[in-house]
Structures are given as C-alpha cells and as structure tokens.
Amino acid sequence: PFMIVIVGWLLGGLVLLGSTLIGLNGKARLGVAYQAKILCSEVFIAGREVADVLARDFNGIDPVLAKVTMTVDDETQTVSGSLFGLGKSAATYRPGQGCALHVNGPPDGDGINRPPVVPHIWPVKIQDDIQTKAAALIGTQNPDVGTRAVVVVQGGTIIAQDYAAGFGPDQPMQSWSMAKSVTQALVGIAEGQGKLSLSDRALMPAWTGDDARAQITLTDMLHMSSGLEFIEDYADPTSDVSRMLFMSRDMGVAAAQSPAIHPAGDVWD
C-alpha cells in the first residue's frame, strides 16, 4: 500500500507538472509570437535595425518580453524565438504579403507580385501654430507615449507634420486599429462602384439557412454590432483573439467560427 501511495503521488505530480508546463507554454507563445511578428515586420518591411526594435517596441507591455530570445535570419527573412525554450514561434516575410506567423508550418507561398504603387503627392502648406502642437507630441515632451509620426491634413493639404528620430514620411508603420477606418473607406468605395451592398447578408459560406449569423449584414459588421461572441483578452492564450491571431492559419476563418450570442444589430461590442 505504501508503494501504491508513493507511485500515486509521483503520477499526480507528473500530471500537475505537465499541466503547468502546457499552461506556461501557451502563455509564453503569446509573447513570443507577438514579438516575432512585430520584429519581422519592423525589420523586413519598415527597414529598421533589430537592436532598435528590441529596445523601443516592447517596453511597457509585459516584463516577460524582455526575457524572450529572438533570432533574425536575413537569408530566409524569418524571425524566430522562445522564452527559455517555451512558446517557440516564428514569422516569415513574403514579398507583397508581409510577415506571417508559422502555425502548423510556415505560411503558404513565397509572396506575390503586386501592381506598382502610384504615389499620391500631397501639397504641403505648414501652419506654424498647428506645427508647434504637432511637434509637441513627438520626442522629449512626451518620451513615454512613443508617438512616431503626426501628420495633420486639412482640405487635402498637409498643414503640419513631425516625426520621431529614426522615422520619416516614407516609412511603413504598423496600422493596428487604424486599419478599421481604412476598411470602412474601402467598403464605401466598393459600394459606390456597385461591387457590394451594405445590406448584404450571408457573408460567410457557413452563415446560411437557419443560422442566426445569416442575418448579419455588412453594416452590422462595420458598426461592430454583429452579435458574435468574441473575447478580446490578449493575456489569455485561450481567448478568441489569441486563438485568431496566434493559433490559426486563417484569421478570417477563425473569427467567422464565433457563435452568435445577440441578434445582429442589437449590441455594440
């Protein structure tokens, strides 16, 4: 009986240790994958130095990020890393498509040939009072905010602009949620061209028939009132946003799998 108890304790300890390591690996993956993706984009798209990105881009988020070990392979344009061996993750740059995380293998394809970008030449007429206020948002007056660029446009003319050290008007920058505003504008243009309608329903292949999601319109999506369940907790490796960003090869499909918990158009979230 004594040996049975000892074996039981050992097995229980191993199960607990395994469960703990799985949990730690999941949490480590969030930080490592995030850092790999951002470092990849900043180095291979924005053209910044690795040391500069590591020194400036991950402060104030989580002290654990300072413990992540990152490796940059210029030949394959891949960034990989881990947190003391846990949470191993990598991101690879593909021309015309940007950086993508490795989820069950590297991203598909070697890139695409995009049509050449036709630059828009903005007229510039600086207004000194606005320029002073824009400059105040950059540099020593707000060192902890981390503002990289301020551009003020009025009536199609740039009336003020200023940039932090190491950044400039021709440098690509992470858009984050600014992409929502760009998407809204593009949808409006597409509707004006007759390519879609804001009242369109059954937006995804699985959203058909009696599925409540079949009633979600494009307007509902743009107003963030789709009624879909979606937990946006970036610290939880099991949350919907973590699953979508770091554990899915297709973020659109991952988001579209969310169930409806409110009627479309009723609740803003």
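**Aromatic pairs in close-up**

A search of the whole structure, a predicted model, finds 2 aromatic pairs. Rings of Phe, Tyr and Trp (its six-membered ring) pair if their centres lie within 6.5 Å.

**View 1. Y34 and F58 form an edge-to-face pair.** The ring centres are 6.0 Å apart and the planes stand at 80°, so the pair is edge-to-face (over 60 degrees). Y34 sits in helix α1 (residues 2–44). F58 lies in the loop between α2 (50–56) and β1 (69–73), 24 residues apart from Y34. Helices (H or I, at least four residues) and strands (E, at least two) are DSSP runs, numbered from the N terminus. F58 is buried at 6% relative accessibility; Y34 is partly exposed at 22%. Buried means under 20% relative accessible area, exposed over 50%, partly exposed in between (1.4 Å probe, protein chains only).

**View 2. Y34 and W176 form a stacked pair.** Here the centres are 6.4 Å apart and the planes at 25°, so the pair counts as stacked (under 30 degrees). W176 belongs to the loop between β6 (157–163) and α4 (178–192). The pair links distant parts of the chain, 142 residues apart. W176 is exposed, at 56% relative accessibility.

**View 3. Y34, F58 and W176 form one aromatic cluster.** Y34 pairs with F58 and with W176.

**Notes.** Residues are numbered from 1 along each chain as its sequence is written. Local features need pLDDT of at least 70, side-chain atom pairs count only at pLDDT 80 or more, totals for chains, interfaces and linings use all residues, and side-chain values use heavy atoms, without hydrogens and water.
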